[in-house]
Amino acid sequence: MVNLTLLGCGGNVPLPNRFLSSLFMNFNGRKILVDCGEGTQVSMKMKGCGFKDIDLICITHTHGDHIIGLIGLLSTMGNSERKKPVTIIGPVGIKEAMDAIQVLITLPYKLNIIENPEGRFSLVDPILSDLSIETIELEHSTECIGYNFYFARHPKFNIEKAQLNNVPRKYWNMLQKGMTIMDGDVNYTPDMVLGDDRKGIKISMITDTRPLDTIPEFIEDADLFICEAMYGDEMDISKAIKNKHMLFREAASLAVMGNVKQLLLTHFSPSIEEPDVFENNAKSVFENTIIGYDRFSTQIKYPEE
C-alpha cells in the first residue's frame, strides 16, 4: 500500500492554518515528496514523516509556493547526516533553480537533477525499483508538469509452477525477488516460479493548470487523482482562466472523464477560508470527492487487499 499525506494544500501565500503545496508519499519505507512549498518542514515534523530518508522529490513547477521550502528542507536533510544522493525531478528550469538554491546552501550529498522527462520512465535506483513515473505538460504561466506514479506489485509465488519447472527449492527465494540463476547449463528465471501479474497502484497529481483535453487519458483509472482546485465559486471562472487555474467543478469533471476512483482537491486560493463551503460544486459532478486540508492522510491499498 501507499501511505499519503497532504502536507500543505494552499496556493499563492500561506495562511495560519494552511501551508503551501506539498505532498508526501511512503511506499514500503521509501519516501517521496511532490512539491515543497512554505511550511512543508513544519507539517512533516507534526506528522513524524522524517527528513533524512527522502529518496525522491518531484517538482511540478518553479513558482515559489511550490519550491521555496526546498531551501530549508535540503539543508535540514544535510544536518540530519544525509549522505546518499537525492533525486529531484522537475520541468524546464529546475536545474537553474537548483543551481540558485545551492548558491545559498552547501549540501553534504549530491543532487541528481532530472529536467523535463517525457513519457513513462523508471529511475536507475534499486531503492525505487517498484516505481515508475509518467509526466504530462500542463498549461500554466510557467513551465509546469503533472505526474503519474505507478507502484508495481510483484506476482505471487506459485509453488505448483516452481515444482512443475523442477526449480530447486534453494533458489525459490532468490527467484521470487527477481534474480536469475545459472546452475550448470540450466538457467532459472523468475517467470518459472511466479504467477500472473497483479495490478499495482496509480496515483495522479495535477496542479496549476487549466483543464486540458490530454488530462483525462493521462489520469485514466487512477486509484487516486489529486487535483488543484484554486477556486470554489462558479463566479470565479474569469479568475481561473486569467490565472490558469481550475474551479472545483472543473477538477471534478476531469475525474469523471478519467474514470478515477477517488478525487482529492488541493491548492486552494487564500481567498477561500473554508473550502468545504464549495464541496457540492465538486460532489454534484463527482461524488467520491475529498476536500483536502493540511496533514490529511490516507492509505491507498492494492486492488486485491
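Predicted model: local features only at pLDDT ≥ 70, side-chain atom pairs only at ≥ 80, totals over all residues.
Strand 1 covers residues 2–8, while strand 16 covers residues 296–300. The two pair in the antiparallel sense, with five bridges between them. Strand 1 also pairs with strand 2, which spans residues 22–27. This pairing is antiparallel too, and it runs over six bridges. To find a spot on it, look at T5, whose bridge partner in strand 2 is F24.

## Buried or exposed?

How many of the seven residues of strand 1 are buried? Six of them are, so to count as buried each must have under 20% relative accessible area. Strand 1 is therefore described as mostly covered.

Now move to another part of the model. Here you can trace an open sheet of seven strands, in the order 7-8-9-12-13-14-15. The pairing within this sheet is mixed. Which strands sit at the edges? They are strand 7 (120–122) and strand 15 (289–291), and each of these pairs on one side only. Going from one strand to the next, the twist averages 20 degrees.

## A closer look at strands 8 and 9

Strand 8 is made of residues 131–137 and strand 9 of residues 145–153. They pair in the antiparallel sense over seven bridges. For a landmark, find T135: its bridge partner in strand 9 is Y147.

Note on methods:
Residues numbered from 1 in each chain as written. Heavy atoms only, no water. Buried < 20%, exposed > 50% of the residue type's maximum accessible area, 1.4 Å probe, protein only. Helix = DSSP H or I, 4+ residues; strand = E, 2+ residues; numbered from the N terminus. Pairing = 2+ DSSP bridges. Axes fitted to C-alpha atoms, helices over the stretch in contact; angles between N-to-C directions.
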